[in-house]
Amino acid sequence: MHIPPYHKKSTWQRFFIGAFLGAVIAYLIFIYMHGNMYEHLLEENKDLKSKVTELENQNEALSEDKKDLDEKSKEPFTIESIEVTITNNEELRLDRLIIHDLEELIKKEINDIIGKEVSIIAKSDELLKSTIENKEFPLDEFTYKFDVTTLTITETVKVSVEAEISSSM
């Protein structure tokens, strides 16, 4: 079988050159489009990887914070300080030094509750009240007794008392 000699005819030569140049141009366009698309995909992939890494770090930090908060919430709250207020100091005409000394005496009397759990002290609030009310506090020439008006038990125990002068020494 014989292949006709098309390569000698100029019309066929133009067709083959056109097909060859068209294939080369199409291949170059394909390579350009493929490279451009691949570049965008790589850029998007790197962006997504960085976001995933950032979110993993954030998740890890939040998980550690949650564990710390869980551990802290399991720890019982303890009493850290005591605040005493005398509500009727103006009626008794007490000066600031005497008020300060009386508040310090009351704090000294119930100072043992510092460092104890709030729940334990809250259960024994009547004992705390009676400790303050049943004690007489001598200061200078007078003896003072107190009636507890308000008692707030949190990490800071707040005690409001009314003072009365019971007798002179």
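## Ground rules

The model is predicted, so local features need pLDDT of at least 70 and side-chain atom pairs count only at pLDDT 80 or more, while totals for chains, interfaces and linings use all residues. Residues are numbered from 1 along each chain as its sequence is written, and side-chain values use heavy atoms, with hydrogens and water left out.

## Overall layout

Let's start with the big picture. The protein chain has 4 helices and 4 strands; these are DSSP runs, with helices being H or I of at least four residues and strands being E of at least two, numbered from the N terminus. Along the sequence, their order is α-β-α-α-α-β-β-β. The radius of gyration of the protein chain is 44 Å, well over the 15 Å that the globule rule gives for 169 residues, so the chain is more spread out than a compact globule. That radius is taken over C-alpha atoms, and the rule is 2.2 Å times the number of residues to the power 0.38. Along the principal axes, the C-alpha atoms fill a box of roughly 140 × 30 × 20 Å.

Tyr27 sits in helix 1 (residues 10-74) and is exposed at 52% relative accessibility. Here buried means under 20% relative accessible area, exposed over 50%, and partly exposed in between (1.4 Å probe, protein chains only). Of the 169 residues of the protein chain, 19% are buried.

## The nonpolar core

The largest nonpolar core holds 26 residues, and Leu102, Ile132, Phe146, Val157, Val159 and Val161 touch the most other members. Such a core is a set of buried Ala, Val, Leu, Ile, Met, Phe, Trp, Tyr and Cys residues joined through side-chain atoms within 4.5 Å. At least two residues of this core come from each of strand 1 (81-86), helix 2, helix 3 (118-123), helix 4 (125-133), strand 2 (137-139), strand 3 (142-152) and strand 4 (156-168).

Ile132 is a handy place to look inside. Setting aside neighbours within four places in sequence, Ile132 is in contact (heavy atoms within 4.5 Å) with Ile106, Ile110, Phe137, Phe146, Val148, Val159 and Val161.

## Helix 2, side by side

Helix 2 (residues 96-109) has 14 residues and reaches 20 Å from its first C-alpha to its last, close to the 20 Å expected at 1.5 Å a residue; the expected span is 1.5 Å times one less than the number of residues. Its buried residues are Ile98, Ile99, Leu102, Glu103 and Ile106. They cover an arc of only 135 degrees around the axis, which puts them on the same side of helix 2. The arc is that of the directions from the helix axis to the C-beta atoms. On the face turned away from this buried side are the exposed residues Arg96, Leu97 and Lys108.

## Loop residues worth a look

The loop between strand 1 and helix 2 contains Asn89, which is buried with a relative accessible area of 18%. Beyond its neighbours within four places in sequence, Asn89 is in contact with Leu94 and Ile99. Arg93 lies in that loop between strand 1 and helix 2 as well, but is exposed at 76% relative accessibility.

Most residues other than glycine have a negative phi. Arg93, however, has a positive phi near 55 degrees. Asp140, in the loop between strand 2 and strand 3, also has a positive phi, of about 55 degrees, and is exposed at 61% relative accessibility.
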